[in-house]
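Student: I would like to learn how to read the packing of helices and strands in a model such as this one. Could we go through it feature by feature?

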Amino acid sequence: MKAMKECGECKEKWEKKKIKRINKKWVCIYCYRKRRDKNRDHILHTVAGVRRRSDLEKGWRERSKARKEKEQKELGPMIPGAKQVKERIKKVPALGLYLTKVEKEVLVKKYVSNGMEYHKAYAKLKECMDFLYQLIQRLREKGKSEEEIDKKVKEEYANLMEED
Ligand SMILES: [Zn+2]
């Protein structure tokens with residue numbers, strides 16, 4: 001009969017070579033292994049977590065850099081193009097309820113196709129939108145319904161499309 005020791009964790013009795021004393025406690029080699037593996041998993045997870053975090057930060061830095069470069073590009077010389085149109089349309093008074101972005105783009109494209117330079121076309125669009133915006137305000141003050149206002153704006157838009 002060999003001397004048996006009780007494992008402090010699984011409470012099983014083990015012969016001496018299968019159990020060791022760790023921090024004043026008897027722990028069998030199986031519980032010890034389990035504990036060690038758990039610890040290792042924890043470390044791996046943490047290290048991986050750190051790596052994931054730094055990957056994320058790298059991603060953020062790259063995206064932020066790309067965004068700055070994009071902004072810089074957009075501030076640079078004006079190149080006619082769809083992207084440019086979208087960016088500039090945003091700066092024109094919002095009449096989103098009545099006119100879509102596409103309708104505004106169509107207006108700009110019409111001016112450009114009539115030989116107007118892009119920056120002038122945008123300035124003209126802005127004027128038109130200011131005019132429509134004020135029209136809307138006036139109609140609202142008069143207590144017109146949204147439907148009536150919408151109809152009026154569409155009419156004015158049609159007029160803008162017809163004139164040069
Ligand atoms: Zn054990």
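Student: Which residues of α4 meet α5?

Tutor: In this predicted model, Cys 128, Leu 132, Leu 135, Ile 136, Leu 139 and Arg 140 of α4 meet Glu 148, Ile 149, Lys 152, Val 153, Glu 156 and Leu 160 of α5.

Student: At what angle do α4 and α5 pack?

Tutor: Two packed helices are described by the angle between their axes and the distance between the axes. Here α4 and α5 (residues 146-162) pack at an angle of about 155°, and their axes are 10 Å apart. Because angles over 145 degrees count as roughly antiparallel, α4 is roughly antiparallel to α5. The crossing in which α4 passes α5 is right-handed.

Student: Which residues make up the largest nonpolar core?

Tutor: The largest nonpolar core has eight residues in all, namely Leu 107, Val 108, Tyr 111, Ala 121, Tyr 122, Leu 125, Cys 128 and Leu 160. Both α3 (101-113) and α4 (118-141) supply at least two residues of this core, and the largest share, four residues, comes from α4. Once neighbours within four places in sequence are left aside, Cys 128 is in contact with Leu 107 and Leu 160. A second, separate core of five residues includes Cys 7, Trp 14, Ile 19 and Cys 28.

Student: In which sense do β3 and β4 pair?

Tutor: In a regular strand the side chains alternate between the two faces of the sheet. In this case β3 (residues 19-22) and β4 (residues 25-28) pair in the antiparallel sense over four bridges, with Lys 20 opposite Val 27 in β4. Their hairpin has two residues between the strands, and Asn 23 takes a positive phi near 50° there.

Key: Residues are numbered from 1 along each chain as its sequence is written. This is a predicted model: local features need pLDDT of at least 70, side-chain atom pairs count only at pLDDT 80 or more; totals for chains, interfaces and linings use all residues. Two strands pair if DSSP finds at least two bridges between them. A nonpolar core is a set of buried Ala, Val, Leu, Ile, Met, Phe, Trp, Tyr and Cys residues joined through C-beta atoms within 7 Å. A residue is buried if 20 or more other C-beta atoms lie within 10 Å of its own, exposed if 12 or fewer, and partly exposed in between; C-beta atoms are placed from the backbone. Two residues are in contact if their C-beta atoms, placed from the backbone, lie within 7 Å. Axes are lines fitted to C-alpha atoms, for helices over the stretch in contact, and angles run from 0 to 180 degrees between N-to-C directions. Angles under 35 degrees count as roughly parallel, over 145 as roughly antiparallel, 65 to 115 as roughly perpendicular and the rest as oblique. A crossing is left-handed if the near helix is turned anticlockwise from the far one by less than a right angle, and right-handed if clockwise.
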